[in-house]
Amino acid sequence: MSTSLSRADWAKALVVVVVWGLNFVVMKWGLATLSPLVLCALRFLAASLPFLLFVRPPRHLSWGVMAAYGLVQGVGQFGLLFTGMQLGMPAGMSSVVLQTQAFITMLMAAALLGETPHRWQWLGLCIAIGGLVFIGAAHGDGASGMTLAGFLLTVGAAAMWAGSNLLTRVAARQGPYEPVSFIVWSSVFPIVPLLLLACVVDGTEAVVQQLRGLGGRELGVVAYLALLSTLLGYGLWTRLLQRYAASTVAPLSLLVPVVGLLSAMLLLGERPTAWQWMGTLGVLAGMVINQFGGLWAKRLRGAASI
């Protein structure tokens with residue numbers, strides 16, 4: 001498996017990074033006029049129903065696994081993320097905190113799959129937790145203001161993302177599958193639960209009014225989240241992982257929160273506080289150690305043996 005991306009694949013990777021980084025600003029724009037659960041339901045509706053006649057369901061995967069993935073990712077991850085952002089989590093900080101899913105995935109895999117984390121991964125986790133403490137303790141004014149409820153819901157969204165990561169491992173054990181087919185058909189399952197929850201939380205009349213009042217701005221937001229962020233982003237990223245070593249592709253995801261922070265500053269006027277910047281550096285440092293710690297340890301052992 002190649003370890004060097006071609007120019008075309010570098011371009012694809014950068015497209016995914018930019019699309020996913022801008023994703024958080026687009027979410028904020030959508031939440032200005034739509035409730036979190038309605039926006040979430042529309043996202044998955046647009047990512048699935050228009051394509052069901054053209055995309056076959058994955059042949060090797062059980063409906064139970066696809067349903068579990070769709071519910072954990074749709075109702076869990078994005079339901080909590082959108083709600084957290086509406087309740088006061090800045091877009092830029094959301095892009096950073098959500099990346100802690102890598103560490104939560106590590107802990108879940110250790111507890112449920114018997115995987116043993118390496119020492120450098122524990123070190124990265126401790127540093128990232130310290131960063132989260134700084135972010136959670138921070139407050140801001142105006143566009144940078146952050147509530148504790150928004151922060152905790154975003155951490156919960158990261159945990160749900162970690163759960164969906166484990167479900168993809170279960171899916172991989174059932175046999176090879178087409179990524180776009182998997183995301184299209186698994187996206188069917190959260191639509192009805194999200195709409196029912198929206199009716200309970202917002203009221204049926206409010207949900208109907210939101211759906212009737214959909215305009216160009218709302219449809220543009222839904223199209224971005226469903227077509228670009230979900231189908232295009234996931235499809236390109238998975239194909240890169242199929243063609244190249246994970247150690248080559250995965251580090252590029254570190255650029256997503258960078259784009260998220262910069263785009264939120266430029267387009268939403270967010271200005272992270274000093275504590276938020278320190279927390280961000282802690283989370284990103286922990287991610288770097290988690291990603292490259294094995295390579296550094298290997299080099300140190302090689303140098304010591306000379």
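A salt bridge is taken here as a side-chain nitrogen of Lys or Arg within 4 Å of a carboxyl oxygen of Asp or Glu. By this criterion the structure holds one salt bridge. The structure is a predicted model, in which local features need pLDDT of at least 70 and side-chain atom pairs count only at pLDDT 80 or more, whereas totals for chains, interfaces and linings use all residues. Residues are numbered from 1 along each chain as its sequence is written, and side-chain values use heavy atoms, with hydrogens and water left out.

The salt bridge joins the side chains of Asp-9 and Lys-12, at 3.6 Å from N to O. Both residues belong to helix H1 (residues 7–31), where a spacing of three residues separates them by about one helical turn. Helices are DSSP runs (H or I, at least four residues), numbered from the N terminus. Asp-9 counts as buried because its relative accessibility is 2%, while Lys-12, at 35%, counts as partly exposed. Buried denotes under 20% relative accessible area, exposed over 50%, and partly exposed the range in between (1.4 Å probe, protein chains only).

The largest nonpolar core has 36 residues, and those with the most contacts inside it are Met-27, Leu-39, Leu-81, Phe-82 and Leu-225. Two or more residues each come from H1, helix H2 (36–48), H3, H7, helix H9 (191–202) and helix H11 (216–243). H2 gives the most, nine residues. Apart from this core lies another, of 17 residues, which include Met-89, Leu-132, Ile-135 and Met-146. A nonpolar core is a set of buried Ala, Val, Leu, Ile, Met, Phe, Trp, Tyr and Cys residues joined through side-chain atoms within 4.5 Å.

Helix H7 (residues 148–174) has 27 residues and should span 39 Å at 1.5 Å a residue; its end C-alpha atoms are 40 Å apart, which agrees. The expected span is 1.5 Å times one less than the number of residues. Among the buried residues of H7 are Gly-150, Phe-151, Thr-154 and Ala-157. The buried residues of H7 pack against helix H3 (63–86), helix H4 (91–97), helix H5 (101–112) and helix H6 (119–137), contact meaning heavy atoms within 4.5 Å. Leu-81 touches Thr-154 and Ala-157, and its other contacts include Phe-24 and Met-27, not counting residues up to four places away in sequence. H7 is followed by Gly-175, whose phi is positive, near 140°.
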